[in-house]
Each structure stands twice: as structure tokens, then as C-alpha cells.
Amino acid sequence: MEFSSKLLENAVYEMSQLPGIGKRTALRLVLHLLKRPEAQTQNLSKALSKLREEVNFCTSCHNISDAELCEICASPKRDATTICVVEDIRDVMAIENTSQYRGLYHVLGGKISPMEGMGPQDLNIAPLIEKVKAGGVDELIFALSSTMEGDTTNFYIYKQLEGVGIKTSTIARGISVGDELEYADEVTLGRSILNRVPFETSIKAN
Ligand SMILES: [Zn+2]
């Protein structure tokens, strides 16, 4: 792609670093911004810089939060005896949208994936184990996507908690293999949380 301006080329390059944005789309977006009032671009870049500089993670569940404890962890209306284990914040948003779940979450920040060099120590697994061992938790619900990495992660956590004597369950597999949680529709996802099955049963089924 030949550019008549180095400034334009740089902007397109940076934009094209985003996932799913090729050079052509990047150029279209950059030209679109140029056509819009200048304040719009400034608001966008300010919001992103501010997010980057000030982003905070809830000290309990590792969800993105503006306070030390996120709104969900801080709410007295939530059932603190149940923790739903998810991969990232998008899953929290998807499950919250179903309005079917009143417990807390724990955001792992990914899945165990040897292919991508992601081990248990790279995820928020240790704080989860600690939290459960500290007591007060009755049930862990695994809600990772049903891929091999998701299954491996569930099983790793399950093994770590052997002998601790808490209930572990997994969301009903109404969601087909490989589907990401965020794409499941709200009704299906809500139903699969309500109809969750004991984790032991799900291992035998595999
Ligand atoms: Zn939290």
C-alpha cells in the first residue's frame, strides 16, 4: 500500500495492529476519523489512554473495576458462597446479561494452553485456590468454553481442590463445543447455568 503521507501511514499501521483489522479496514477507519470532527478522535484517544493508564482489577475476582473491589464483589445482594470461574471479562458480561446468576465470579485471564505458552502460573488460578481454601465457598461453577484448553483448565483447578470438599459443577453443554461463551444467546446461556451438572459427571461423559 503506497501512502502519500507518513502521518497517514503510521496511523493506518497502528490501527491495523488490532485483531481482525486488515490494512484496508484500517485505512477506511482512519479516513473516517479524519472526516469526523476533531474532538471525536481526541475523545477516542483520550478514553483509550486513560483506560490504559488507570485500569484496575478487582482484588478479589480480577474483573476490570474502577474500585479496589468491583461492584459485583462489593454487592451485599450477591451470593458469596458460589463462584463462577470464567476466562475473561467478556464472559462476566455475557453471564450478567442473562440475569440468571446471583453468585460471584473469578476471572482467570485466559486458559491453560501449552501451545501458546500459557501455564497455570500465568493465570489467576493460585488466588482462586487460596480463596476457596480460606472457606466460605460452597460451589465452583466452571464456565470456560468447551475447548480442549477449557477442559484442561477445569481439570487442573478441580485437581488442585481435591479433598477440599466443595461442590464443583460445569455449565450444561447446551453450548456446542468450541463456541465461545460470549456468542451464546442469553436464553441458552442462562439455561445452561441453571441446569449445570456436577463436574465429575462431565468428566465421565468425555
Ligand atoms: Zn470483583
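## Overall picture

A residue counts as buried if 20 or more other C-beta atoms lie within 10 Å of its own. By that rule, 27% of the 206 residues of the chain are buried. The model is predicted.

The chain has nine helices and seven strands. Its C-alpha atoms fill a box of roughly 65 × 35 × 35 Å along the principal axes. Among the contacts with a separation of 6 or more, 56% join residues 24 or more positions apart.

## Helix α5 and its buried side

Helix α5 covers residues 89-98, and its buried residues are Asp 91, Val 92, Ala 94 and Ile 95. These four span an arc of only 165° around the axis, which puts them on the same side of α5. An α-helix has 3.6 residues a turn, so residues three or four places apart point the same way.

What do the buried residues of α5 pack against? Their partners are strand β3 (79-86), strand β4 (103-107) and helix α8 (186-194). Just after α5, Ser 99 takes a positive phi of about 55°.

## Where α5 meets α8

The two helices α5 and α8 pack at an angle of about 90°, and their axes are 8 Å apart. Angles of 65 to 115 degrees count as roughly perpendicular, which makes α5 roughly perpendicular to α8.

On the α5 side, the contact involves Ala 94, Ile 95, Asn 97 and Thr 98. On the α8 side, it involves Glu 186, Leu 189, Gly 190 and Ile 193. By type, the residues of this contact are four nonpolar, three polar and one charged. Ala 94 and Ile 95 belong both to this contact and to the buried residues of α5.

## The largest nonpolar core

The largest nonpolar core of the chain contains 31 residues. Which elements give two or more residues to this core? They are β3, α5, β4, α6 (126-133), β5 (139-142) and α8. Strand β3 gives the most, with four residues.

The residues with the most contacts inside the core are Cys 84, Val 85, Val 86, Ile 95, Tyr 105 and Ala 143. One of them, Cys 84, touches Ile 95, Tyr 101, Gly 103, Tyr 105, Ile 141 and Ala 143, leaving aside residues up to four places away in sequence.

Conventions: Residues numbered from 1 in each chain as written. Predicted model: local features only at pLDDT ≥ 70, side-chain atom pairs only at ≥ 80, totals over all residues. Buried ≥ 20, exposed ≤ 12 C-beta atoms within 10 Å, placed from the backbone. Arc of directions from axis to C-beta. Contact = placed C-beta atoms within 7 Å. Axes fitted to C-alpha atoms, helices over the stretch in contact; angles between N-to-C directions. Parallel < 35°, antiparallel > 145°, perpendicular 65-115°, else oblique. Nonpolar A, V, L, I, M, F, W, Y, C, P; charged D, E, K, R; others polar. Core = buried A, V, L, I, M, F, W, Y, C linked by C-beta atoms within 7 Å.
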